[in-house]
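User: I've just loaded this one and would like to talk through the fold and the ligand site. Can we start with one of the helices?

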Amino acid sequence: MRIVLSKRLKKVASMVTGNSIADVGCDHGKLGAYLYQNKKINKVINMDISKASLDKADELMSSFKECETICRVSDGCDALNDNEVDTLVMAGLGGTEIAIILKRAFAENKKYKRYVLSPNRHPEKVRKVLLENGYGIVEDAMVKEGGIYYVVFASEKGAKIPSNNEIYYGINFRTDPVFKEYCINRLEHLNTLLLTHTNAKGIKEEIERLNSAKKELVDDKNN
Ligand SMILES: C[S@@+](CC[C@H](N)C(=O)[O-])C[C@H]1O[C@@H](n2cnc3c(N)ncnc32)[C@H](O)[C@@H]1O
């Protein structure tokens, strides 16, 4: 059976390095199966807070018996040891949730060589926790799929510390055409919202931040 990933998960897969991953919040478990099938890893620890989700992942991996597969019901990294895998993946969870999970893991002194993360919202919260713990961003991408913009980034110890706009929008936002499109659409949406929510502090702050990022776009200097 050929494993087919969404564009978002393909981008996640492309940033994995090393021979082993832990996929926290694995749900269907397609990521590990795809990486094994494409000879990128030989060990996967699938983890999920939901036993029902983990059962799906286990069932899928039963087709790939040669891959060392471990399934653990776990809240975040609670059931994972320090350095147990080369890459820790968390995709499709909220940024607030991922930030809480990372904070708890760092507090317990659990660290991994590489993190590949794709928060549904609030990527800045995730990048901030990484930076506070000495991790910078090494790869960053925005993908659009089904009309939704997703961010995917990889982090390693000692990498360059991003600027404030990079913490919000990724280290490549200045030259990324997908970000440019996102920025223009989001500003249009927020400015429309502002017509009916004139005192909305959060909306005004986001507009200000996006306009500041827009000024940094390399082909948009005169806007
Ligand atoms: C939307 S799915 C994402 C599945 C897959 N990673 C992807 O990107 O397509 C989110 C999964 O995260 C799991 N989850 C939510 N909170 C979690 C936590 N604190 N620890 C582990 N798994 C969690 C959910 O049970 C669910 O299976």
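User: What do the buried residues of H1 pack against?

Analyst: Bearing in mind that this is a predicted model, the buried residues of H1 pack against helix H2 and against strands E4, E5, E6 and E7. Those buried residues are Arg8, Leu9, Lys11, Val12 and Ala13.

User: And how does H1 lie relative to E6?

Analyst: Helix H1, which covers residues 7-14, runs at about 155 degrees to E6, and it lies across E4 (87-91), E5 (114-118) and E7 (148-157) as well as E6.

User: Which strands does H2 touch, then?

Analyst: Helix H2, residues 30-37, packs on the sheet through E1, E2 and E4, and its direction makes about 165 degrees with that of E1.

User: OK, the sheet itself. What's the strand order?

Analyst: The sheet is open and built from 7 strands in the order E3-E2-E1-E4-E5-E7-E6, with mixed pairing. E3 (68-73) and E6 (135-145) stand at the edges, and because each has a single partner strand, one side of each is left without a neighbour in the sheet. From one strand to the next, the twist averages 15 degrees.

User: Do E1 and E2 run parallel or antiparallel, and how many bridges join them?

Analyst: E1 (residues 20-24) and E2 (residues 43-48) run parallel and are joined by 5 bridges; isoleucine 21, for instance, has valine 44 in E2 as its bridge partner.

User: Switching to the ligand: which residues are closest?

Analyst: The closest are Gly25, Asp27, Ile49, Ala91 and Gly92, within a surrounding set of 17 residues. By residue class, that shell divides into 7 nonpolar, 6 polar and 4 charged.

Definitions and conventions. Residues are numbered from 1 along each chain as its sequence is written. This is a predicted model: local features need pLDDT of at least 70, side-chain atom pairs count only at pLDDT 80 or more; totals for chains, interfaces and linings use all residues. A residue is near a molecule or strand if its C-beta atom, placed from the backbone, lies within 6 Å of it. Ala, Val, Leu, Ile, Met, Phe, Trp, Tyr, Cys and Pro count as nonpolar, Asp, Glu, Lys and Arg as charged, and the others, Gly among them, as polar. Two strands pair if DSSP finds at least two bridges between them. Helices (H or I, at least four residues) and strands (E, at least two) are DSSP runs, numbered from the N terminus. Axes are lines fitted to C-alpha atoms, for helices over the stretch in contact, and angles run from 0 to 180 degrees between N-to-C directions. Two residues are in contact if their C-beta atoms, placed from the backbone, lie within 7 Å. A residue is buried if 20 or more other C-beta atoms lie within 10 Å of its own, exposed if 12 or fewer, and partly exposed in between; C-beta atoms are placed from the backbone.
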